[in-house]
Amino acid sequence: MARALINVPSKAKRGEIIEIKALVSHPMETGYRTGPDGGLVPRDIISRFLCTYNGEEIFSADLFPAIAANPFLSFTTVATESGRIAFRWIDDKGQAHLETAEIVVE
Amino acid sequence: MSEGSGSMGATRRDVLAAGAGCLALIVARPARATPESMASAIKAFVGEAEVQTGKVALDIPPLVENGNSVPLTVTVESPMTQQDFVRTIAIFNEKNPQPNVAVFHLGPRAGRAVVSTRIRLGDSQNIVAIARLSDGTFWSDSAELIVTLPACVES
Amino acid sequence: MSGLPNRKLRNAGIAGALGLGAALALAPEALPQERRSGFEFMSRESQVLQQDDTSNPGMLWVAEGEALWSARTGASGRTCADCHGDAAVSMKGVAARYPVYFAEQSRPIDLQGRINICREVNQNATPLPYESRELLALAAFIGKQSRGMPITAGDDQRLEPFRALGQELYERRQGQLNFSCANCHDDHWGRKLASSVIPQSHPTGYPLYRLEWQSVGSLQRRFRNCMVGVRAEPYPFGSPEYVNLELFLMTRARGMPLETPAIRP
């Protein structure tokens, strides 16, 4: 699928609330737009986003065509322990793009 | 000089407006969400529960220079503890072809109930954010915004 | 037009405010100290988007360009990095001085043109189509290495005749509306056309993410939009006319900081 940029602090204090930002390249084609040939451009969107922290889901989103191209999301989580934060974007066809970030919690 | 509408000034304006692809012509869409379809999408989300105003703050610029990318932040007043937290935040719009914009699922591990994203809006309209809390209550905020049109787009 | 009465009203008011019918009297070109980047004409939200690399979607193209920089390409099997090393060092300031004079062909070339020469000559690969995602990604990645640096284009004396051609094109009235670039960008900058503010056409942020495109695009794509806007036949991408126009605008913007990848509405 795509290229993604994620922003997670590499270090945090235990109990600190950290902000996570995730940006992925995707046209979010609505299915309502006319292409150069006059026909409708088929819908192609990321409909689901999931974020896990050491395997446990901490945030997810259902996305609709009204989300801007190259979807951006930011949300927060409490830094509980060192480990891996994983991001998954899933499109209409079920194809997924995975990205991970390591965090050290002291 | 296609549309003569009387005065010289108006004619000139029409030339510029109509002639220049320099006025975005938003292509008519095959379908549009109406306030009624937004109402039914909201009903599907809240069921029979009552939606109260408050606790939720929907932050969205009142005047947007391009509807393709409108920044939006929702903040819900909540301690975000195991006992008392925000479960879901849903965003709805009135005039896009579909009333749903996004549904965010969060929990006590979020620490704070703040979510940002960027949305697209084909037209000036009303946006609604509704939060479902862990106690089953629903809270909302709404915002009215004006989408202006870009100039010199590709046709 | 969707025909919504409120939009029609707004547009009429705004177009009226510009009153272009009477407004074609010559105004002096913006003085150097008055030069303003398109950044200044944007909404606060768009400015914040440009300044925050963690949410600026243009950074997705920069990241892609960075990956392409070290990808084996063409029959040579060479990467850009094999010859140029760390782009943060070798490409620093490069985008700020393009277009440059390319002596082998006795003409100016822009950054995209230079990248494609390296692909053909140094990597034995086919040139990337103009406006292709890869070419934009490489140009955005190289441009980013000069972010914040002053534009230095136009130093070479051999460029002068081409710059003059670019200026001539900028000042020439064209299209069914019979407008020159200067009519809008020099005589009426700061005023509104539809609901957009007309900026001063300084090419400080390219390639950039235009919200209208929902994508990164080149300066030439921007020219195309403006030419279509006055109902003129646009030149093909990569044409000498566009390179001359780029050269004229970059030379005129000397000293202004590069913003790549910028955001524009």
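What is the mean pLDDT of chain B, and what share of its residues reach 70 or more? I started here because this is a predicted model, and where pLDDT is low, the predicted coordinates should not be read in detail. For chain B the mean is 81, and 75% of the residues reach 70 or more.

**Entry 1**

**Entry 1: where chain A meets chain B**

Next I turned to the interface. I found 32 residues of chain A in contact with 25 residues of chain B. In chain A, A:Tyr32, A:Phe64 and A:Ala66 lose the most area to chain B, and together they make up 25% of what that side buries. The area buried between the two chains is about 2,500 Å², with carbon and sulfur atoms giving 52% of it.

How many salt bridges are counted between chain A and chain B? The count is one. B:Arg109 forms a salt bridge with A:Glu56, and their closest N and O atoms are 3.2 Å apart. On the chain A side, strand 3 (17-24), strand 4 (46-53), strand 5 (56-63) and strand 6 (72-78) each give two or more residues. Sorted by class, that side has 20 nonpolar, eight polar and four charged residues.

**Entry 2: two residues with positive phi**

B:Met80 is not a glycine, yet its phi is positive, about 55°. I found B:Met80 in the loop between strand 4 (70-76) and strand 5 (86-93) of chain B. Is B:Met80 buried or exposed? It is buried, because its relative accessible area is 6%, under the 20% cut-off.

C:Asn124 also has a positive phi, near 55°. C:Asn124 sits in the loop between helix 6 (111-123) and helix 7 (133-144) of chain C. I call C:Asn124 exposed because its relative accessible area is 52%, over the 50% cut-off.

I checked C:Arg252, which lies in helix 11 (residues 240-252). This arginine is buried, at 15% relative accessible area. A polar atom of the C:Arg252 side chain lies 3.3 Å from the backbone oxygen of C:Gln200.

Last, I looked at cis peptide bonds. One joins C:Tyr206 and C:Pro207, with omega about -10°; C:Pro207 lies in the loop between strand 4 (196-197) and strand 5 (208-210). Another joins C:Thr260 and C:Pro261, with omega about -10°.

Notes
Residues numbered from 1 in each chain as written. Chains lettered and ligands numbered in written order. Predicted model: local features only at pLDDT ≥ 70, side-chain atom pairs only at ≥ 80, totals over all residues. Heavy atoms only, no water. pLDDT = per-residue confidence, 0-100. Helix = DSSP H or I, 4+ residues; strand = E, 2+ residues; numbered from the N terminus. Buried < 20%, exposed > 50% of the residue type's maximum accessible area, 1.4 Å probe, protein only. Polar contact = N/O pair within 3.5 Å; in protein donor to acceptor, adjacent residues only side chain to side chain. Contact = heavy atoms within 4.5 Å. Buried area = accessible area lost by both parts, 1.4 Å probe. Salt bridge = Lys/Arg side-chain N within 4 Å of Asp/Glu carboxyl O. Nonpolar A, V, L, I, M, F, W, Y, C, P; charged D, E, K, R; others polar.
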